[in-house]
Amino acid sequence: MTAEIIATLVAAVLLVVGCLGVIVPVLPGSILVVVGLLVWALTVQAAEGWVVLAVGSALAVAGMAASAVLTGARLKRRQIPNRSLLLAAAGAVVGLFVIPVVGIVVGFFAGLLLSETARRRDLRAALDASWAGLKAAGLGIVVEFACALAASTVFVLGALVFFVTASSA
């Protein structure tokens, strides 16, 4: 039973870090969630583990896909090119190191604003596009985070069922 407890703790840590990684995109958030579920399922070798892995992974993958689709569709609708998004991503990386905690958001917005100002030659239009880009990224993060939390909830419920049924057997 000791290996199962250790695997449960490791999986729980991976799920927490994964959920945080969705919000602060320095870590591969949803991927860490799936890895945590996989570690637990491979260790417990029980029906609960496989069900948790299947349902939780489906939720995490759905969150990643929905985030990409929602964000991409909104950015495409606003006609924000990939070049501007690359500069926004570079700004986010710089912001991460220059301004702790909120630097990613500030850097993303600043990079997108600079790129869109250079492209459109209109500060007002660039501000509108940058705000739309920030909202689109935020929506994607919220959806992916909700799915990661749902996958974590499935894990908690599965672990409870596993340990309650294992202790009564």
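These questions and answers walk through a predicted model of one protein chain.

Reader: What is the average pLDDT of the protein chain?
Author: The model is predicted, and pLDDT is the predictor's confidence in each residue. In this chain, 98% of the residues score at least 70. The average pLDDT is 90.

Reader: Which helix has the highest confidence in the protein chain?
Author: Confidence is lowest in helix α4, residues 82–98, where the mean is 87. At the other end, a mean of 95 is the highest. That value belongs to α2.

Reader: Are helices α2 and α3 roughly parallel or roughly antiparallel to each other?
Author: Two packed helices are described by the angle between their axes and the distance between the axes. Helix α2 covers residues 29–44, and helix α3 covers residues 47–77. Their axes come within 9 Å and cross at roughly 170°. Angles over 145 degrees count as roughly antiparallel, so α2 and α3 are roughly antiparallel.

Reader: How many nonpolar residues does the contact of α2 with α3 have?
Author: From α2, the residues include I31, V34, L38 and W40. They meet a set in α3 that includes W50, V52, L53 and M64. By class, the contact has four polar residues and one charged residue. The nonpolar residues number 14.

Reader: What is the distance between the end C-alpha atoms of α3?
Author: Helix α3 has 31 residues. At 1.5 Å a residue, α3 should span 45 Å. The model agrees with that, because the end C-alpha atoms of α3 are 44 Å apart.

Reader: Which glycines are among the buried residues of α3?
Author: Buried means under 20% relative accessible area. The buried residues of α3 include E48, V52, L53 and L75. Also on that list are the glycines G49, G56 and G63.

Reader: Is Q45 buried or exposed?
Author: Q45 is in the loop between α2 and α3. Its phi is positive, about 50°, although Q45 is not a glycine. Most residues other than glycine have a negative phi. The relative accessibility of Q45 is 52%, and the cut-off is over 50%, so Q45 counts as exposed.

Reader: How far does helix α5 reach from its first C-alpha to its last?
Author: Helix α5 covers residues 103–120, which is 18 residues. At 1.5 Å a residue, the expected reach is 26 Å. The reach in the model is close to that, at 25 Å.

Reader: Which residue with a positive phi follows α5?
Author: Within α5, the buried residues include I104, F108, L112 and L113. After the helix comes a residue whose phi is near 60°. That residue is R121.

Reader: What separates the C-alpha atoms of L42 and E4?
Author: L42 lies in helix α2. L42 is partly exposed, with a relative accessible area of 46%. Along the chain, L42 and E4 are 38 residues apart. Their C-alpha atoms are separated by 9.8 Å.

Reader: What separates the C-alpha atoms of F163 and C19?
Author: F163 is in helix α6, residues 123–168. F163 counts as partly exposed, at 23% relative accessibility. F163 and C19 are 144 residues apart along the chain. Their C-alpha atoms are separated by 24 Å.

Technical notes:
Residues are numbered from 1 along each chain as its sequence is written. This is a predicted model: local features need pLDDT of at least 70, side-chain atom pairs count only at pLDDT 80 or more; totals for chains, interfaces and linings use all residues. Side-chain values use heavy atoms; hydrogens and water are left out. Helices (H or I, at least four residues) and strands (E, at least two) are DSSP runs, numbered from the N terminus. The expected span of a helix is 1.5 Å times one less than its number of residues. Buried means under 20% relative accessible area, exposed over 50%, partly exposed in between (1.4 Å probe, protein chains only). Axes are lines fitted to C-alpha atoms, for helices over the stretch in contact, and angles run from 0 to 180 degrees between N-to-C directions. Angles under 35 degrees count as roughly parallel, over 145 as roughly antiparallel, 65 to 115 as roughly perpendicular and the rest as oblique. Contact means heavy atoms within 4.5 Å. Ala, Val, Leu, Ile, Met, Phe, Trp, Tyr, Cys and Pro count as nonpolar, Asp, Glu, Lys and Arg as charged, and the others, Gly among them, as polar. pLDDT is the predictor's confidence in each residue, from 0 to 100.
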